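Q: I'd like to learn how to read helix packing and disulfides off a model. Can you walk me through it?

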Amino acid sequence: MRGYRTIKYTLFIFCYFFWVVSAVLTAVGIYAKIAKENDVVDTLTLDPALLLIVVGSVMFLITFLGCFGALRNATCLLKMFLGILVTVLLLQIAAGVVGYLFTDMVMERTEKLMMKAIVLYREDQDLENAIDFVQKKFQCCGVESYKDWSRNVYFECSDTNPSLEACGVPFSCCVHLQNQTVLNTMCGYGMQQLEARSAAQDVFTVGCLEQIIRWAKTNLLLVAGLTAGLLLLEVCMISLAAAQICRIKKVQRHKKENPLRGLSERKDSFWYPAFADFDDQ
């Protein structure tokens, strides 16, 4: 019985933790969505708030199945939880294999998606903050170079562009000095008109796609460790759910073999009490 309880409550704790995390993600996404203006980007891949809501809601549903199923010993819910986790795991493995085999195609799609994000900069506050964070974090500007910002209507480098930021780049591209205390938000003005060597004194000129790939290669062990840890956690939860289902079925078979023991119990019960004592007989 101790072995069964260990399996049951370990699975419950894992599911409960991710259930709380998913609820927080969903709440943050809903708050960000409500706080926005009406003219926002409603594309899933380019709207961080919408992405949080979708991911949080899916996680909430999956972890609820595992949490409630583990606590109430409900084989129907545990089987659904197990099936969804196996599907997610297989999709992740398939995505990794496809990404490895078709690296050029993945890089091309990623580049197009990042370019589209630059075009929609200033259209969505969350998207703008996400791009600024990436450019500051990886010390980069644009996708391939700082001149990619000419694709944005506000930063387009042309004589007909009436914007004050024409031929410029966002302030998140600017190189900040160590002792600088006042942020100069106009430091990127006119930088697209300069050559890379001259512009590099004030802004980052290397594209973010190259910097992200370079960071991933430099921190290959960290990336591989996080990926392996996530997959291992999923495998662990799958194993726990499968083990609990097997234990519950074992008890059901044992009760069928001992009809006198099950006379006092409801035959139409779909799950057992939350703290039922399961014997390992």
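Q: What is the angle between helix 3 and helix 8, and how far apart are their axes?
A: Axes are lines fitted to C-alpha atoms, for helices over the stretch in contact, with angles from 0 to 180 degrees between N-to-C directions. Helices are DSSP runs (H or I, at least four residues) numbered from the N terminus. Here helix 3 (residues 75-101) packs on helix 8 (residues 220-257) at about 150°, axes 10 Å apart. Angles over 145 degrees count as roughly antiparallel, under 35 as roughly parallel, 65 to 115 as roughly perpendicular, and the rest as oblique. So helix 3 and helix 8 are roughly antiparallel.
A: One caution on the source: this is a predicted model, where local features need pLDDT of at least 70 and side-chain atom pairs count only at pLDDT 80 or more, while totals for chains, interfaces and linings use all residues. Residues are numbered from 1 along each chain as its sequence is written, and side-chain values use heavy atoms, leaving out hydrogens and water.

Q: Which residues of helix 3 and helix 8 make the contact?
A: Contact means heavy atoms within 4.5 Å. Helix 3 brings, among them, Leu78, Phe81, Leu85 and Gln92, and helix 8 supplies residues including Leu231, Glu234, Ile238 and Ile245. By class, the contact of helix 3 with helix 8 has 16 nonpolar, three polar and three charged residues.

Q: How do helix 5 and helix 7 cross?
A: The axes of helix 5 (residues 125-138) and helix 7 (residues 208-218) come within 10 Å and cross at roughly 55°. That makes helix 5 oblique to helix 7. Val134, Gln135 and Phe138 of helix 5 touch Cys208, Gln211, Ile212 and Trp215 of helix 7.

Q: Are Cys140 and Cys208 buried or exposed?
A: Buried means under 20% relative accessible area, exposed over 50%, partly exposed in between (1.4 Å probe, protein chains only). Both Cys140 and Cys208 are buried. Cys76, at 37%, counts as partly exposed.

Q: How many disulfides are there, and what pattern do they follow?
A: The count comes to four. Counting bonded cysteines along the chain, the pattern is 1-8, 2-5, 3-4, 6-7.

Definitions and conventions
Helices (H or I, at least four residues) and strands (E, at least two) are DSSP runs, numbered from the N terminus. Ala, Val, Leu, Ile, Met, Phe, Trp, Tyr, Cys and Pro count as nonpolar, Asp, Glu, Lys and Arg as charged, and the others, Gly among them, as polar. A disulfide is a pair of cysteine sulfur atoms within 2.5 Å.
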